[in-house]
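Q: I'd like to learn how to read a model feature by feature. Could you walk me through one?

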Amino acid sequence: MARRLYPLGIQTFAEIIRRKMVYVDKTAYVWNMAATGKFYFLSRPIVARYATIVVMALMCVHTEAGAQTRSQLRDSLKVAADRLAYSPDSTDLRLKKAGYNLRLEQWAYAQDEYDYILKREPGNPAALFYRAYTNEKLHRDDFARRDYESLLTVVPGHFEGQLGLALLNQKSKRHTEALDQINRLVTQYPDNAVAYAARAGIEMEQGMVALAIFDYEEAIKRDSTNTEYRIDYADALIRDRRTAEARKQLDELVRMGVARASLRDFYKRAK
């Protein structure tokens, strides 16, 4: 087996990939970090700023920014913009500002930031991922697809990129491609509940209810506290006329703290 070098002192993904150096994509763990635990210590990895940028950019929109009101978000955006005026070439600051733009649904402004970053750093994974997301919000699905594909060229096996591309293809009714991509994702990340739940959602939309039930069961095995998985699982059971099993899932949801009133329609369908 050929020896592969660590990218010591190298700060661009393009060179890491071109020279076939070691890169370990762990962005799938961001989902677990966001959903569990409270405090984390993120040490700066060997791949210098890029690995840190990816993790922080993926979490920024859903954690720090997500806890703020719209008024606080606008204040934070102004602070980020003011800081950026003094350091206009800072990738970190532009990603942070774009994160606030996303939370405020300022899609065009966010896209401007990602365009700027990608002109300077064409292989920046965080900018590619979030520009793809922004393009979807702007109903520019073809551009979003190109960004996802570019991301997967730079970082093959990228969890978020593969998931985003599969869901985009499903939305665009490219059903065969969507299934192929989500199947690869489950194969690469067999312990990831999100991958199974996403495949189940695609299968449900394509009318493959029995397969979806299996995948929801697998997702729940890996994340038994996730109430959304259980609700979707109950829905799939009801559609498959397995109403007794569906009622058990609904009762379990109530025991887990979900308001029974919010499940009223499911109980009616499960009679």
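Q: Which salt bridge do Asp141 and Lys171 form, and how far apart are N and O?
A: A salt bridge puts a side-chain nitrogen of Lys or Arg within 4 Å of a carboxyl oxygen of Asp or Glu. Here the side chains of Asp141 and Lys171 meet in one, at 3.5 Å from N to O. Asp141 belongs to helix H8 and Lys171 to helix H9, so this pair ties together parts that are 30 residues apart in sequence. Helices (H or I, at least four residues) and strands (E, at least two) are DSSP runs, numbered from the N terminus. Before we go on: this is a predicted model, in which local features need pLDDT of at least 70 and side-chain atom pairs count only at pLDDT 80 or more, while totals for chains, interfaces and linings use all residues. Residues are numbered from 1 along each chain as its sequence is written, and side-chain values use heavy atoms, with hydrogens and water left out.

Q: What other salt bridge does Lys171 form, with Glu136?
A: The closest N and O atoms of Glu136 and Lys171 are 3.5 Å apart. Glu136 sits in helix H7 (residues 125–137) and Lys171 in helix H9, so the bridge links parts that are 35 residues apart in sequence. The whole structure holds 19 salt bridges.

Q: Is Glu136 buried or exposed?
A: Buried means under 20% relative accessible area, exposed over 50%, and partly exposed in between (1.4 Å probe, protein chains only). Glu136 is buried, at 17%. Across the chain, buried residues make up 46% of the 271 residues.

Q: How should I look at a helix such as H8?
A: Start with its span: the expected value is 1.5 Å times one less than the number of residues. H8 (residues 141–154) has 14 residues and reaches 20 Å from its first C-alpha to its last, close to the 20 Å expected. Then look at which side is covered. An α-helix has 3.6 residues a turn, so residues three or four places apart point the same way. The buried residues of H8 include Ala144, Tyr148, Leu151 and Leu152. The chain as a whole comes to 15 helices and 0 strands.

Q: Which residues have the most contacts inside the largest nonpolar core?
A: A nonpolar core is a set of buried Ala, Val, Leu, Ile, Met, Phe, Trp, Tyr and Cys residues joined through side-chain atoms within 4.5 Å. The largest has 38 residues, and Ile182, Leu250 and Leu263 have the most contacts inside it. Helices giving two or more residues to this core include H9 (159–171), H10 (175–188) and H11 (193–205). H11 gives the most, with 9 residues. Contact means heavy atoms within 4.5 Å. Beyond its neighbours within four places in sequence, Ile182 touches residues including Leu163, Ala166, Ala198 and Ile202. A second, separate core of 22 residues includes Trp107, Ala110, Ala127 and Leu151.

Q: Where is confidence lowest and where is it highest?
A: Read pLDDT as the predictor's confidence in each residue, from 0 to 100. The chain averages 83, and 76% of the residues score at least 70. Helix H3 (residues 48–60) has the lowest mean, 47, while H12 has the highest, 96. Over residues 44–54 the pLDDT is below 50, and this stretch has 25 contacts in the model beyond near neighbours in sequence.
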